[in-house]
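Morning, everyone. I have one model to walk through today. Please have a look at it first.

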Amino acid sequence: MGAGAEFGHAAAKWEIADVARTPEGKTLLKRYLNEITEGAAFKGSPRSAQFLEYVIWQSAAGKVADLKERTIGVELFGRTPAYDTGEDAIVRVTASDVRKRLVQHYSGVGKASEFRISLPSGGYVPELIRTLKIGNDGWVTQLSVDERPVETPVQGFPSWERPKNETTADWKHWILPILGIIALTVGISLTIVNRPGPIASSGKRVGNSDAAPWTALFDGSRRVLIVASDPNIEEIQRMSHSSLSLSDYANQSYLPPGANNLSPAEIGFMKDILRGNKISSFDGSIIANLASLMTPGHNRVLVKAARDLRVKDLQTDENLVFLGSPRSNPWTSMFDPVLDFQFAFDTRTQREFIRNVHPGKGESNEYVPTAGGFDTGESFALISVFHNPGYVGRVLIIAGASGEGTEAAGDLVADPARWAATLQSCHIAKDASRQSVQILLHLETMAGSSSTVNTVACHLLPPGS
């Protein structure tokens, strides 16, 4: 570990694996990584955030030798082992974008950060650097990762001892990230307050579409429970090349069967990421849009992370909204018996596709994407709305074969003008507010964004659905 001084500061570089070998070090690492990926610099680029998280935790697991372009392309971006890195530059392009966003972060809100994460050019091994102030006496205050933490009054989160020569302002660099983590954790289960309705391209505020089949969900007569997706669950299934059953997920048994074939280090890494309870970056805007659909004067919307849900939460007459396909939100698979379009998983390509159980004239039996998440190609998504079997409430599922698909479906749900056009293309009755229906969407994707979203098929489900 080397240190150098410049303009009253010294830089100490730590090996990330050394930092992560203690619980306190892992807490430190998670704290600063969250501060970066959830900040403004990485907003709108989930792919770059996932890339940074991937290389950090691979380094933490001591797997820096695996941080090579081809390995990252295969494990993170779902490329085949023989893919042409010369033709497909997704790893290099994403790494370059991460470096630019890190510069942006530390030029803005992260400027005062005591610890900095960097991704040196020419490779994919990240570094953790601590900028230390040099006192008037010329000595550098050094902090070892083996120092014992002390408990703060804030939720019992561990914190490092404050050197005696640090000011109160310096101490805030520790407290603010901790408070941010707490706010995000608590916020996921708070009731969302009512928001103004959506705004049309003309700039005029528009009302909610009375024709949409999900109108009854948001009329305020019943509380709406929105169940956000679980990207960590999708990630560990991808890592283990296996699928987690709804039964295991509901019983909080989160390691999929394929984990038995992994090394202890890999299993340890999977357990580490499962300690968090994130929602997909795509879900945030969808949740906000759904809250805006509530009838004015009502704010009965509750959000839960999929992993916080229990079976008893679904035994209700309330209205339910699920975000994500079965790979990221296993709860959605419980409704397959009443649906025509169902998600399935191809073990060969390690991708989800959509199976058409009751194909109509001219429809395919299967709709298979050519692109995975943060990839370029075509993909599919579903909007499903129906009565909750055995209960009075209704269910809305917004799901794509990739995050981009889920986002595209969510945008359509919240756009009255586009939904009116969809009604026409589907030849559905003008007032569909009480109908049960599935809408299959096709979209083009590129690097985390979707375009050219078209309706492929519309199925009216039986009235009891």
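A term before we start: a crossing is right-handed if the near helix is turned clockwise from the far one by less than a right angle, and left-handed if anticlockwise. Keep that in mind for the helix pairs. And a caution: this is a predicted model.

Now the overview. The protein chain has 465 residues, and 47% of them are buried. It holds 13 helices and 17 strands. Take the contacts between residues at least 6 apart in sequence: 63% of these join residues at least 24 apart.

On to helix packing. Two packed helices are described by the angle between their axes and the distance between the axes. Start with H2, residues 23-37, and H3, residues 46-60. Their angle is about 165°, and the axes lie 10 Å apart. Angles over 145 degrees count as roughly antiparallel, so H2 is roughly antiparallel to H3. What is the hand of the crossing of H2 and H3? Right-handed.

Who touches whom? From H2 come Lys26, Leu29, Lys30, Leu33, Ile36 and Thr37. From H3 come Ala49, Leu52, Glu53, Ile56, Trp57 and Ala60. Sort the residues of this H2 and H3 contact by type, and you get eight nonpolar, one polar and three charged.

H2 and H3 come up again with helix H9, residues 264-274. In H9, the residues Phe269, Met270, Asp272, Ile273 and Leu274 are buried. Those buried residues pack against H2, H3 and helix H7, which spans 231-240.

H10 passes H12 in a left-handed crossing.

The H10 side of the contact is Asp283, Ser285, Ile286, Asn289 and Leu290. The H12 side is Thr406, Glu407, Gly410, Asp411 and Val413. By type, the residues of this H10 and H12 contact are three nonpolar, four polar and three charged.

Next, the cysteines. How many disulfides does the structure hold? One. A disulfide is a covalent bond between the sulfur atoms of two cysteines. The partners are Cys426 and Cys458, with their sulfur atoms 1.6 Å apart. Cys426 sits in helix H13, residues 416-426, and Cys458 in strand E17, residues 449-460. The pair links distant parts of the chain, 32 residues apart. The torsion about the S-S bond is about -45°, so this disulfide is left-handed.

Are the two cysteines buried or exposed? The cut-off for buried is under 20% relative accessible area. Cys426 has 12%, so Cys426 counts as buried. Cys458 has 22%, so Cys458 is partly exposed.

Last stop: Asn329. You will find Asn329 in the loop between strand E10, 319-323, and strand E11, 341-346. Is Asn329 buried or exposed? Buried, with a relative accessible area of 0%. What does Asn329 touch, leaving out residues up to four places away in sequence? Val227, Ala228 and Ser229 are among the contacts, and so is Ala306. Asn329 also touches Phe322, Leu323 and Gly324.

That is the tour. Questions, please.

How values were computed:
Residues are numbered from 1 along each chain as its sequence is written. This is a predicted model: local features need pLDDT of at least 70, side-chain atom pairs count only at pLDDT 80 or more; totals for chains, interfaces and linings use all residues. Side-chain values use heavy atoms; hydrogens and water are left out. Helices (H or I, at least four residues) and strands (E, at least two) are DSSP runs, numbered from the N terminus. Contact means heavy atoms within 4.5 Å. Ala, Val, Leu, Ile, Met, Phe, Trp, Tyr, Cys and Pro count as nonpolar, Asp, Glu, Lys and Arg as charged, and the others, Gly among them, as polar. A disulfide is a pair of cysteine sulfur atoms within 2.5 Å. Buried means under 20% relative accessible area, exposed over 50%, partly exposed in between (1.4 Å probe, protein chains only). Axes are lines fitted to C-alpha atoms, for helices over the stretch in contact, and angles run from 0 to 180 degrees between N-to-C directions. Angles under 35 degrees count as roughly parallel, over 145 as roughly antiparallel, 65 to 115 as roughly perpendicular and the rest as oblique.
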